[in-house]
Amino acid sequence: MAFERGAVGRDASAQEMSDFLAANGSAQRAQALLFVLGSGALIWFLGALRTFLARAEGGSGNLANVAFAAGVGSTILTLTALCFQAGLTLGSGREALPALFAVMTALFNVANLPLAVMLLAVAVVTIRTRALPAWLAWLSLAAAATQVVPLFGLVAQSGPLAFDGALSVYLPYPLYVAWLGCTSFVLFRRAGHPVRKPDAGD
């Protein structure tokens, strides 16, 4: 949050976008770097989560694989968007700024869809197997629901659901960050302990 500088509005001119980048370029690049480094830790976490869920799920571990693939897919889309974010601060083609900003924003928005799929898959495995606490399943479902909100920014031109609207910008992340922290803590606490397998009647 220390490097957060807000967003450029959909209707901003190329000059306003250029001025924003000139004033906040260093912060934008620093923010992108932190997210890129964090993505490495996130992929490691996703691997550990997949292993844990697959053991609990049993069989082919289909939902565990879905959660892992969706999490990695969201990370790839986010990293691509971050390339735009960092690259825009280094470019000089002012005329292309509105189109590049739009592509960057669309990538950030679309990255929320696989994230929602991942959270939903984790919730379903948790409900079926009780490998994780029940409250974590409900937190996963709530976080998944909020991840869908930014997708409306692809069509909403204005209002709270627009890509720069209050709901799209601020709603998805608190619950996701809470889920990420709580799940990491639970997995850490349960490392080395037997994973509950689903019963025959589950």
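Colleague: Which residues does Thr-75 touch, not counting residues up to four places away in sequence?

Modeller: In this predicted model, Thr-75 touches Ser-39, Leu-42, Ile-43 and Leu-46. Thr-75 itself sits in helix 2, residues 62-88.

Colleague: Why does Thr-75 count as buried?

Modeller: Buried means under 20% relative accessible area. Thr-75 has 5% relative accessibility, so Thr-75 counts as buried.

Colleague: How do you know how helix 2 runs relative to helix 4?

Modeller: Take the angle. The axes of helix 2 and helix 4 cross at roughly 155°. Angles over 145 degrees count as roughly antiparallel. Therefore helix 2 is roughly antiparallel to helix 4. The two axes come within 7 Å, and the crossing is left-handed.

Colleague: Which residues make that contact?

Modeller: From helix 2 come Leu-63, Val-66, Ala-67, Ala-70, Gly-71, Gly-73, Ser-74 and Leu-77. Helix 4 brings Pro-114, Leu-115, Val-117, Met-118, Ala-121, Val-122, Val-124, Val-125 and Arg-128. By class, the contact has 13 nonpolar, three polar and one charged residues.

Colleague: Now helix 4 and helix 5. Why are they called roughly antiparallel?

Modeller: Helix 4 covers residues 112-129 and helix 5 covers residues 134-148. Their axes cross at roughly 160°. The cut-off for roughly antiparallel is over 145 degrees, so helix 4 and helix 5 are roughly antiparallel to each other. Their axes come within 8 Å. The crossing of helix 4 and helix 5 is left-handed.

Colleague: What meets what between helix 4 and helix 5?

Modeller: In helix 4, the residues are Asn-112, Leu-115, Ala-116, Leu-119, Leu-120, Val-122, Ala-123, Thr-126 and Ile-127. They meet Ala-137, Ser-140, Leu-141, Ala-143, Ala-144, Gln-147 and Val-148 in helix 5. The contact divides into twelve nonpolar, four polar and no charged residues.

Colleague: Where is Arg-130?

Modeller: Arg-130 lies in the loop between helix 4 and helix 5.

Colleague: What makes the phi of Arg-130 worth a remark?

Modeller: Most residues other than glycine have a negative phi. Phi of Arg-130 is near 60°, a positive value in a residue other than glycine.

Colleague: Why is Arg-130 called partly exposed?

Modeller: Buried is under 20%, exposed is over 50%, and partly exposed is in between. Arg-130 has 46% relative accessibility, so Arg-130 counts as partly exposed.

Notes:
Residues are numbered from 1 along each chain as its sequence is written. This is a predicted model: local features need pLDDT of at least 70, side-chain atom pairs count only at pLDDT 80 or more; totals for chains, interfaces and linings use all residues. Side-chain values use heavy atoms; hydrogens and water are left out. Axes are lines fitted to C-alpha atoms, for helices over the stretch in contact, and angles run from 0 to 180 degrees between N-to-C directions. Helices (H or I, at least four residues) and strands (E, at least two) are DSSP runs, numbered from the N terminus. Angles under 35 degrees count as roughly parallel, over 145 as roughly antiparallel, 65 to 115 as roughly perpendicular and the rest as oblique. A crossing is left-handed if the near helix is turned anticlockwise from the far one by less than a right angle, and right-handed if clockwise. Contact means heavy atoms within 4.5 Å. Ala, Val, Leu, Ile, Met, Phe, Trp, Tyr, Cys and Pro count as nonpolar, Asp, Glu, Lys and Arg as charged, and the others, Gly among them, as polar. Buried means under 20% relative accessible area, exposed over 50%, partly exposed in between (1.4 Å probe, protein chains only).
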